[in-house]
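Dear colleague,

Please find the structure below for your records. My notes on what was found in it follow directly after.

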Amino acid sequence: MGLFSSDGKTRAQRRAETKALKAKAKLDAKLAAKDRRRASRELRKSRKKIVEKELKAQRKTLKAEAKAAQKVAKAEAKTVAAKAKATADAKPFSPASVKRFLTVTRLVAPIAVPVIYRLAVAGRGKITELQAKRIGVSPAQLVKYSGSGAPLLARIEALRTSLQKVSAQDTSSDTKQFVDAMTARLDNLAIAVDAAEPMPAQQRKTAHRAVENELSAIDADIMARLGVRT
C-alpha cells in the first residue's frame with residue numbers, strides 16, 4: 001500500500017518528477033542569466049557608440065578652439081612685433097628701443113600660452129568625463145589608473161564596490177559564496193590587465209576584449225543579485 005501516493009503515483013514517479021522540475025528550474029535560471037548577459041552587452045555596446053560619438057565631437061570642437069586661439073595669439077604677436085620693429089627702426093640701435101622690443105616679446109608669450117593651456121586642461125577633463133561615462137564609472141575612479149588598461153581597472157574597482165552592496169544587502173551564506181567567487185574572479189582579471197600592459201598592441205587589445213566580456217558577465221550577475229533587470 002505504501003508504494004502508491006494518494007494521487008496514484010509511485011514514489012519513483014514522484015522523485016522523477018521532482019528531479020525533472022529541479023532540472024527545468026536550473027535550465028531556466030541558466031537561460032535567464034544568459035539573456036541578462038546578452039542584454040547587458042547590447043546596452044553597453046549602444047552606450048559606447050553614443051559616448052564615442054560625443055567624444056569625437058568634443059575632440060573636434062577642442063581642436064578647433066585651440067587652433068583659433070593659436071591663430072589669435074599669432075596675429076597679436078605679429079602686430080605687437082611689427083609695432084616694436086617700427087619703433088626700433090625709427091631709432092636704430094637705441095637702448096630704449098631694444099629694451100622696449102624685449103619687453104614686448106616677453107609680454108607676447110603670456111597672452112598665448114595660458115589660453116592654450118586652459119583649453120588643453122579643459123579638453124582633458126571633458127575627455128576623461130566622457131570615457132568614464134562610456135565604461136560606467138566615475139571620473140575620480142578612472143584617473144586613479146594609468147596605461148591602456150586604466151578603464152578596465154576602473155571598472156574592476158566599481159564592481160568591487162557593487163559586490164560590497166550585495167554583501168550588505170544579503171548576509172546569507174549563499175550570497176557570501178557568490179561575493180567571494182566574484183571577488184576572486186575580479187582579482188584574476190586585474191592581474192590579467194596588468195600582465196597585458198607590456199604586450200604588443202594587437203595581443204593587448206585581444207586580452208582587453210576578453211577581460212571586458214568577463215566584466216560584463218560579472219556586472220550582469222551582480223545586477224541580478226541586486227534585483228535590477230538589465
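A residue is called buried when its relative accessible area is under 20%, exposed when that area is over 50%, and partly exposed in between, using a 1.4 Å probe and protein chains only. Please note that this is a predicted model, in which local features need pLDDT of at least 70 and side-chain atom pairs count only at pLDDT 80 or more, while totals for chains, interfaces and linings use all residues. Residues are numbered from 1 along each chain as its sequence is written, and side-chain values use heavy atoms, with hydrogens and water left out.

Overall architecture

The protein has six helices and zero strands, in the order α-α-α-α-α-α from the N terminus. Helices (H or I, at least four residues) and strands (E, at least two) are DSSP runs, numbered from the N terminus. Of the 230 residues, 24% count as buried.

Individual residues

Arg155 belongs to helix 4 and counts as buried because its relative accessibility is 5%. Its C-alpha atom is 9.6 Å from that of Ser216, although 61 residues separate Arg155 and Ser216 in sequence. Thr175, in helix 5, also counts as buried, at 1% relative accessibility. Thr175 and Arg225 are 50 residues apart in sequence, with 8.5 Å between their C-alpha atoms. Pro139 lies in helix 3 (residues 139-142) and is partly exposed, since its relative accessible area is 37%. The C-alpha atoms of Pro139 and Ala154 are 9.2 Å apart, for a separation of 15 residues along the chain.

The nonpolar core

A nonpolar core is a set of buried Ala, Val, Leu, Ile, Met, Phe, Trp, Tyr and Cys residues joined through side-chain atoms within 4.5 Å. The largest one has 18 residues, and those with the most contacts inside it include Ile156, Phe178 and Ile222. Helix 4, helix 5 (173-196) and helix 6 each give two or more residues to this core, and helix 5 gives the most, with seven. Phe178 also has Arg225 over its face, at 4.4 Å from the ring centre; a charge sits over a ring if NZ of Lys or CZ of Arg is within 6 Å of the ring centre and within 35 degrees of the ring normal.

The second largest pocket

A pocket is an open set of points on a 1 Å grid over the protein atoms alone, where a 1.4 Å probe fits, with protein on both sides within 12 Å along at least five of seven lines; lining residues have an atom within 4 Å of a point. The second largest pocket is lined by 15 residues, and among those nearest its centre are Arg44, Arg47 and Asp219. Helix 1 (11-90), helix 4 (150-169) and helix 6 (201-225) each supply at least two residues of this lining.

Yours sincerely
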